[in-house]
Amino acid sequence: MGVQIVGVSFNSTSDNSAWANSEGFQFELWTDDDRTLAVYYGAAASVSAWFPNRLTRILDSNGNMILEYNSVDVSTNPYDVLNDCEILFGGN
């Protein structure tokens, strides 16, 4: 589908790398140490937040947000996002 998946957290790059390796993630984890991405996309109210809220954003190739999930259930969100991406971008 040409979709790139990226996870973002406040954890250090080394912590994110260790976690991704231990979980077998097949996507990148970025570190938002200054919390600007979290504030921009609504995962945190301010840069002084201790942790971000879990949410998902789907962006088009120009970086415009085209779909957002503000209440993320980790057991169903990946399936919901995959289904919506197949509708938006075409499945295999």
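These questions and answers go through the terms used for this predicted model.

Q: What makes up the fold, and in which order do the elements run from the N terminus on?
A: The protein has 3 helices and 4 strands. From the N terminus on, they run β-α-β-α-β-β-α. The C-alpha trace spans about 40 × 30 × 25 Å along its principal axes.

Q: How many of the residues of the protein count as buried?
A: Of 92 residues, 20% count as buried. The cut-off is a relative accessible area under 20%. The protein exposes about 6700 Å². Carbon and sulfur atoms supply 51% of that area.

Q: Why is serine 9 called buried?
A: Its relative accessible area is 15%. Buried means under 20%. Serine 9 is therefore buried. Serine 9 lies in strand β1, residues 6–9.

Q: What does serine 9 touch, leaving out residues up to four places away in sequence?
A: Serine 9 touches Asn16, Trp30, Thr31 and Asp32.

Q: What makes the pairing of the side chains of serine 9 and asparagine 16 a polar contact?
A: The two side chains come to 2.9 Å. The limit for a pair of N or O atoms is 3.5 Å, and one must be able to donate a hydrogen and the other to accept it. The pair counts as a polar contact.

Q: How do you know that the span of helix α3 agrees with its 13 residues?
A: Helix α3 covers residues 77–89. The expected span is 1.5 Å times one less than the number of residues.

Q: Which residues of α3 are buried?
A: They are Asn77, Val81 and Cys85.

Q: Why are the buried residues of α3 said to line one face of the helix?
A: Seen down the axis of α3, they fall within an arc of 65 degrees, so they line one face.

Q: What covers the buried residues of α3?
A: The cover includes β3 (56–59) and β4 (65–69).

Q: Which exposed residues does the face of α3 turned away from its buried side carry?
A: That face carries Tyr79 and Ile87. Exposed means over 50% relative accessible area.

Q: Among contacts between residues at least 6 apart in sequence, how many join residues at least 24 apart?
A: The share is 25%. Contact here means heavy atoms within 4.5 Å.

Definitions and conventions:
Residues are numbered from 1 along each chain as its sequence is written. This is a predicted model: local features need pLDDT of at least 70, side-chain atom pairs count only at pLDDT 80 or more; totals for chains, interfaces and linings use all residues. Side-chain values use heavy atoms; hydrogens and water are left out. Helices (H or I, at least four residues) and strands (E, at least two) are DSSP runs, numbered from the N terminus. Buried means under 20% relative accessible area, exposed over 50%, partly exposed in between (1.4 Å probe, protein chains only). Accessible areas come from the Shrake-Rupley method with a 1.4 Å probe; for residues, only the protein chains shown count as cover. The arc is that of the directions from the helix axis to the C-beta atoms.
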